[in-house]
Structures are given as C-alpha cells and as structure tokens.
Amino acid sequence: MVSVLQNVAIDCADAYELARFWSGVTGRPLHPEDKPGARETEVQLADGPVLFFNQVSEAKTVKNRVHLCLRPETSRDEEVERLLGLGATLFADHRNPDGSGWVILADPEGNEFCVLRSAAERAAMDT
C-alpha cells in the first residue's frame with residue numbers, strides 16, 4: 001500500500017489572486033468553478049497533483065520549508081525575466097559564471113520558488 005500525492009497546498013491571503021499568478025507561471029487553467037473571492041482555488045496541472053490555494057488569516061512569517069522548483073522549456077534567464085514580469089520578485093541569485101546554478105524568486109505573497117536551468121541548458125553543459 002502507498003499514498004498518492006493529490007495536491008500541493010499553499011496557504012495564502014488571497015487564494016484566487018495567487019492561483020491566477022501560478023496559472024500564469026505554469027500556463028495551466030484554474031479550476032472552472034474558481035471565481036474572485038473564493039477561499040479555495042486550484043491550478044490544474046497537466047500531469048501530477050494540482051496546486052491548491054487555501055486562504056488563511058495568518059501571514060507568512062518565515063522561509064518556506066517546502067518549495068516548488070521549476071524547469072522552464074525556454075532558458076532559465078528568459079523564464080526568470082518572464083516571471084518577474086508576472087509579479088514575482090528576486091529573492092536570491094545562485095547563477096554561476098559557467099551558466100550553472102539557479103534563481104530563487106518569490107511569488108506575490110512571498111512564497112519562495114526556484115527556477116532551474118532548462119533541460120537543453122543542462123544537456124549543453126554535459127557535452
């Protein structure tokens with residue numbers, strides 16, 4: 001017997017607006033019943049669990065213990081710029097002169113997430 005991962009739950013102050021941000025990040029839709037003001041919303045990912053946003057009264061106060069890591073289809077640097085344009089903020093930059101490394105961004109409510117190198121960038125460094 002095993003358990004199946006159903007969703008990744010993210011506590012937030014505004015479930016609908018944060019879900020809209022992550023919908024833009026992933027290019028995936030919100031659940032069709034989600035509307036502004038909803039206290040619970042979902043981003044329906046193509047494969048795997050959904051991103052579930054749960055509106056709570058308490059604010060985020062410390063670094064995330066669990067975070068999302070994104071591997072873009074385009075280059076890491078192009079994706080970082082796109083996500084900053086969507087409303088993310090730069091948290092920490094771990095890019096190296098040789099092209100390796102990652103960038104830590106924060107979503108509009110301060111939840112940290114990483115942007116890794118694309119598969120093509122990783123393959124180019126391995127050759």
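How many bridges join β2 to β3, and do these strands run parallel or antiparallel? In this predicted model, four bridges connect β2 with β3, and the two strands run antiparallel.

**The β2–β3 hairpin**
- β2 and β3 form a hairpin with six residues between them, and within the turn Gly48 has a positive phi of about 85 degrees.
- Val43 has Leu51 of β3 as its bridge partner, and Val43 also belongs, together with Thr41, to the covered face of β2.
- The uncovered face of β2 carries Glu40 and Glu42; in a regular strand the side chains alternate between the two faces of the sheet.

**The largest nonpolar core**
- The largest nonpolar core has 21 residues, and those with the most contacts inside it are Trp22, Phe53, Leu83, Leu105 and Phe113.
- Two or more residues each come from β1 (7–12), α1 (15–26), β3 (50–55), α2 (76–86), β6 (103–106) and β7 (112–115), and α1 gives the most, with seven residues.
- Beyond its neighbours within four places in sequence, Phe113 is in contact with a set of residues that includes Phe21, Trp22, Leu68, Leu70, Leu83, Val103 and Leu105.

**Helix α1**
- The 12 residues of α1 should span 16 Å at 1.5 Å a residue, and the end C-alpha atoms of α1 are 16 Å apart, which agrees.
- The buried residues of α1 are Ala15, Tyr16, Leu18, Ala19, Phe21, Trp22, Ser23 and Val25, and what covers them includes β1, β2 (40–43), β3, β4 (68–70), α2 and β7.
- Just after α1, Gly27 takes a positive phi of about 70 degrees.

**Arg117, a buried charge**
- Arg117 lies in the loop between β7 and α3 (119–126), where Arg117 is buried yet has no salt bridge.
- The nearest side chain of opposite charge to Arg117 is that of Asp126, 6.1 Å away, whereas a salt bridge would need a nitrogen-to-oxygen distance within 4 Å.
- Not counting residues up to four places away in sequence, Arg117 touches Arg71, Pro72, Arg76, Gly99, Ser100, Gly101, Arg122 and Met125.

**Asn7 in strand β1**
- Asn7 lies in strand β1 and counts as partly exposed because its relative accessibility is 28%, a value that falls between the cut-offs of 20% for buried and 50% for exposed.
- Leaving out residues up to four places away in sequence, Asn7 touches Pro49, Val50 and Phe52.
- Asn7 and Val103 are 96 residues apart in sequence, and their C-alpha atoms are 24 Å apart in space.

Key: Residues are numbered from 1 along each chain as its sequence is written. This is a predicted model: local features need pLDDT of at least 70, side-chain atom pairs count only at pLDDT 80 or more; totals for chains, interfaces and linings use all residues. Side-chain values use heavy atoms; hydrogens and water are left out. A nonpolar core is a set of buried Ala, Val, Leu, Ile, Met, Phe, Trp, Tyr and Cys residues joined through side-chain atoms within 4.5 Å. Buried means under 20% relative accessible area, exposed over 50%, partly exposed in between (1.4 Å probe, protein chains only). Contact means heavy atoms within 4.5 Å. Lys and Arg count as positive and Asp and Glu as negative; His and the chain ends are not counted. The expected span of a helix is 1.5 Å times one less than its number of residues. Two strands pair if DSSP finds at least two bridges between them.
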